[in-house]
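Have the sequence and the model side by side. We will walk through the sheet, strand by strand, and then turn to the aromatic rings.

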Amino acid sequence: MLLTGTGAAGGGMLQIVIVWGIFLVVIYFIMLRPQKKEQKRVSAMLASLEVGDVVVTTSGFYGVLIDITDEDVIVEFGSNRNCRIPMKKAAIQEVEKQN
């Protein structure tokens, strides 16, 4: 019986596929899964917004929510009652619930 190199080449190809598969699984657990968890956390935080909550914007400003729509909010900054600014919900970084 004559042996050819196809058996060894097929085994090598299988090892490459296994290594790439393991690599992709590791990438998923290191990079993609935590990102999806963070997106879910932010979505839940934005969905639970209520009028009167104290928020911190991505710019670092503290304010109180005055009005909420589907995509926007109106935030009152400082003690000056005339300083009300509309902004996107995505600009809210943290929420402190009212007591």
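Start at V54, which stands opposite V64 in strand 2. This is a predicted model, so local features need pLDDT of at least 70 and side-chain atom pairs count only at pLDDT 80 or more, while totals for chains, interfaces and linings use all residues. Residues are numbered from 1 along each chain as its sequence is written, and side-chain values use heavy atoms, with hydrogens and water left out.

Helices (H or I, at least four residues) and strands (E, at least two) are DSSP runs, numbered from the N terminus. Two strands pair if DSSP finds at least two bridges between them. Strand 1 (residues 54-57) and strand 2 (residues 62-68) run antiparallel and are joined by 3 bridges. The two form a hairpin with 4 residues between them. In that turn, G60 has a positive phi of about 95°. Strand 1 is also joined to strand 5 (residues 92-96), by 4 bridges, and this pair runs antiparallel.

Strand 3 and strand 4 pair antiparallel over 5 bridges. There, V75 has I85 in strand 4 as its bridge partner.

Next, the rings. Rings of Phe, Tyr and Trp (its six-membered ring) pair if their centres lie within 6.5 Å; planes under 30 degrees apart count as stacked, over 60 as edge-to-face and the rest as tilted. The whole structure holds 3 aromatic pairs. In one of them, W20 and F23 have ring centres 5.5 Å apart and planes at 85°, so the pair is edge-to-face. Both lie in helix 1 (residues 6-47), 3 residues apart, about one turn of the helix.

Another pair is F61 and F77: their centres are 6.0 Å apart and their planes at 70°, so this pair is edge-to-face. F61 lies in the loop between strand 1 and strand 2, and F77 in strand 3 (residues 72-77), so the pair ties together parts 16 residues apart in sequence.
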